[in-house]
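Here is a short briefing on a protein structure. Please look at the sequence and the 3D view before reading the points below.

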Amino acid sequence: MLSLVSSIFYILLFLPVWAFRRVFGVSRFERRFHARKSTWDSPVRFDT
Amino acid sequence: MTQYHLGISAFYHDSAAALVGDGRIVAAAQQERFSRIRHDSGFPEDAIRYCLATAGIRLGDLSTINYYEDPKLKLGRTLSSFASAGPAGLPAFRHILPEWIRWKGRATDVVAQRLKAMNDGVAVKVLKGAHHRSHAASAFYPSPFERAAVLCVDGVGEWHTTTIWHGKGRDLTLANAISYPHSLGLLYSAFTYFCGFKVDSGEYKLMGLAPYGRPIHADKIRDNLIELRDDGSFSLNMAYFGFLQGQRMVGERFARLFGRPRREPESELTQGECDLAASVQKVTTEAVIGLARAAKAMTGENRLCLAGGVALNCVANGELSRAGLFDEIWIQPAAGDAGCALGVALDQDVQRSGRRLQIVPGQHDAMRGALLGPSYDDDDIASFLEGRGAPYRRFGEDRMLETTAEHLAKGGVVGWFQGRMEFGPRSLGARSIIGDPRNVEMQKTMNLKIKFRESFRPFAPAVLAEKADDYFDMRQDSPYMLVVSPVLEKWCRETSERGLGSINEVRSQLPAITHVDNSARVQTVHEETNPQFHRLLRRFEDKTGCPVLVNTSFNVRGEPIVCTPEEAYTCFMRTNMDVLVLGNCVLVKNDQPPLENDVDWRNEIALD
């Protein structure tokens with residue numbers, strides 16, 4: 001039963017979120033994040 | 001009254017328990033050593049019982065009980081990950097979400113229930129820690145440094161995969177982090193998987209394979225899989241990885257990139273896997289050095305502490321040491337998740353007591369040599385041997401050392417079982433199989449007839465700390481066997497090649513511990529920390545002129561390191577070791593009766 005509920009939850013909620021993220025590239029999982037100059041969680045300002 | 005703090009890591013891999021009190025580490029052990037299930041992820045009840053018994057206390061006597069991470073944050077990350085997995089994530093999600101709902105999301109409650117079921121007094125509420133802070137505490141607080149940069153790199157905790165901390169006295173402050181899915185540990189695990197080894201246990205095999213290869217794919221990795229930036233940060237190109245979908249580490253695109261399919265586990269290794277291993281090792285080392293540079297810039301410190309699973313990559317540690325960025329580097333011997341049990345307990349102890357751990361006079365750090373597990377005295381051992389009808393001789397220590405050194409000098413392989421068991425993945429002379437490193441047959445014999453493992457895998461040396469510089473190019477001390485160093489040229493010989501075909505070539509006057517690139521994963525043995533093993537090395541040196549021994553873990557492939565005299569005896573009898581030394585009791589293989597009622601252990605123990 002939980003497995004079925006999980007599947008429904010996934011289709012109704014997770015897939016739309018996935019689609020949104022893919023289209024707009026808005027999450028850290030998408031290509032736009034990979035193209036950032038830095039991936040530190042907090043901005044850094046130093047010469048290494 | 002002593003305030004005792006218990007730390008617990010559980011439910012993912014390498015469950016463990018650790019007890020800290022009165023400014024010292026009282027006990028720590030991985031559950032696998034008791035359950036005999038390699039990398040056991042179950043609730044570490046046996047390890048907890050051991051820790052409590054060592055202090056002579058019950059659960060109700062604990063000031064705090066601490067779980068090493070925050071399950072709710074971890075759930076959040078898992079859900080977010082699946083929200084980027086797409087349709088391919090559904091099959092895994094159908095199984096994973098119910099598990100989280102049933103129990104994983106409230107792991108601290110499950111810990112509380114399991115503690116209650118132990119019927120050992122009424123325990124205090126279980127507190128939750130934070131995964132990377134647990135790693136950081138395990139790295140900084142036992143270190144000898146009053147202040148340091150602390151770098152933790154692993155697969156992933158809750159969200160963080162890489163963290164930099166600033167340790168000053170009692171304070172440990174997060175300086176910066178890189179978060180999932182961008183993970184150096186997962187990159188390395190992806191290649192581990194692709195080369196046909198098991199994730200979370202085969203990474204060190206990939207590391208051992210790397211020197212047989214050439215890093216011909218390093219550019220491809222940098223161009224396609226991971227972006228390394230000048231500020232030390234990095235990110236993964238998720239188009240090539242499959243772990244978001246929860247079933248495989250990599251997808252078809254990864255295989256197309258390298259023009260080959262994933263290697264089937266246990267199939268023959270080829271030069272292709274060696275080159276892949278060499279390539280990812282090179283890029284990982286570059287990434288670690290970049291992160292270390294960032295840690296230095298962010299903290300301004302000249303000393304570095306390391307933890308997290310990637311800190312077990314001794315090759316990267318060796319390169320980092322030689323890079324000269326830091327004056328000193330200290331690495332937590334249980335750098336993986338087992339060490340988080342220790343870290344979360346240490347964090348409580350330091351914060352509540354207001355003081356750092358005591359360092360035993362003469363020792364370099366507060367880890368007590370990582371010798372934190374159970375021990376057995378000679379009476380226990382003799383009682384066991386008598387019960388088994390196993391012929392043995394019980395000596396005083398001096399004669400035991402002499403006898404052992406003689407056997408070693410004659411080329412014998414010795415199972416060495418002494419004192420408290422090690423905490424962490426390495427054997428450090430408490431539960432070790434040892435041999436003469438000058439013997440040209442030793443590596444082959446040990447791999448094939450004793451460890452029953454892949455023949456490419458190198459063995460590591462233990463050396464008297466005061467003589468280490470005579471044999472190895474050591475930039476720093478390495479008491480926990482976590483730094484690879486070159487064997488000095490004067491001991492090395494010219495060899496023709498470095499590929500898999502050169503496995504049996506004699507590369508140095510210490511062939512059993514010289515890897516194909518003339519490197520070695522050295523353990524420096526100090527008299528103050530491990531006096532008996534030090535004395536054995538001295539005795540061997542007296543006989544042979546060589547202060548070095550092969551030191552490999554006391555187990556066969558797939559099995560956890562032995563814990564008890566019985567396990568040591570069984571391992572001894574199942575393999576081709578010549579002599580077993582249990583405390584001051586010495587057993588010779590030829591004198592032993594056949595092992596009775598043994599199971600078909602090679603089928604019973606799953607390969608790792």
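Helices (H or I, at least four residues) and strands (E, at least two) are DSSP runs, numbered from the N terminus. This is a predicted model, in which local features need pLDDT of at least 70, side-chain atom pairs count only at pLDDT 80 or more, and totals for chains, interfaces and linings use all residues. Residues are numbered from 1 along each chain as its sequence is written, chains are lettered from A and ligands numbered from 1 in the order in which they are written, and side-chain values use heavy atoms, with hydrogens and water left out.

**Chain A**

- Chain A contains 2 helices and 0 strands.
- The C-alpha trace of chain A spans about 55 × 20 × 10 Å along its principal axes.
- Of the 48 residues in chain A, 29% are buried. Buried means under 20% relative accessible area, exposed over 50%, and partly exposed in between (1.4 Å probe, protein chains only).
- Chain A has an accessible surface of about 3,500 Å², and carbon and sulfur atoms account for 63% of that surface. Accessible areas come from the Shrake-Rupley method with a 1.4 Å probe; for residues, only the protein chains shown count as cover.

**Where chain A meets chain B**

- Chain A brings 30 residues to the contact and chain B brings 44 residues. Contact means heavy atoms within 4.5 Å.
- About 3,000 Å² is buried between chain A and chain B, with 60% of this area from carbon and sulfur atoms. Buried area is the accessible area (1.4 Å probe) that two parts lose on being put together, summed over both.
- A:Tyr10, A:Phe29 and A:Trp40 supply 26% of the area that chain A buries against chain B, more than any other three residues.
- Between the chains there are 23 residue pairs in polar contact (both at pLDDT 80 or more). A polar contact is a pair of N or O atoms within 3.5 Å; within protein, one must be able to donate a hydrogen and the other to accept it, and residues adjacent in sequence count only if both atoms are side-chain atoms.
- On the side of chain A that touches chain B, the elements that give two or more residues are helix 1 (2-24) and helix 2 (31-34) of chain A. Helix 1 of chain A gives the largest share of that side, 11 residues.

**B:Thr64**

- B:Thr64 sits in strand 4 (residues 62-67) of chain B.
- B:Thr64 counts as buried because its relative accessibility is 1%.
- The side chain of B:Thr64 makes polar contacts with the side chain of B:His5 at 2.7 Å and with the side chain of B:Asn66 at 2.9 Å.
- Apart from neighbours within four places in sequence, residues in contact with B:Thr64 include B:Tyr4, B:Leu6 and B:Val124.

**Backbone exceptions in chain B**

- Most residues other than glycine have a negative phi, and most peptide bonds are trans.
- The peptide bond from B:Tyr180 to B:Pro181 is cis, with omega near 10 degrees. B:Pro181 is in the loop between strand 8 (171-179) and helix 7 (184-194) of chain B.
- B:Asp14, a residue other than glycine, has a positive phi near 60 degrees. B:Asp14 lies in the loop between strand 1 (4-9) and strand 2 (16-21) of chain B, and is buried, with a relative accessible area of 15%.
- B:Asn119 is not a glycine, yet has a positive phi of about 55 degrees. B:Asn119 lies in the loop between helix 5 (107-117) and strand 5 (126-128) of chain B, and counts as exposed at 65% relative accessibility.
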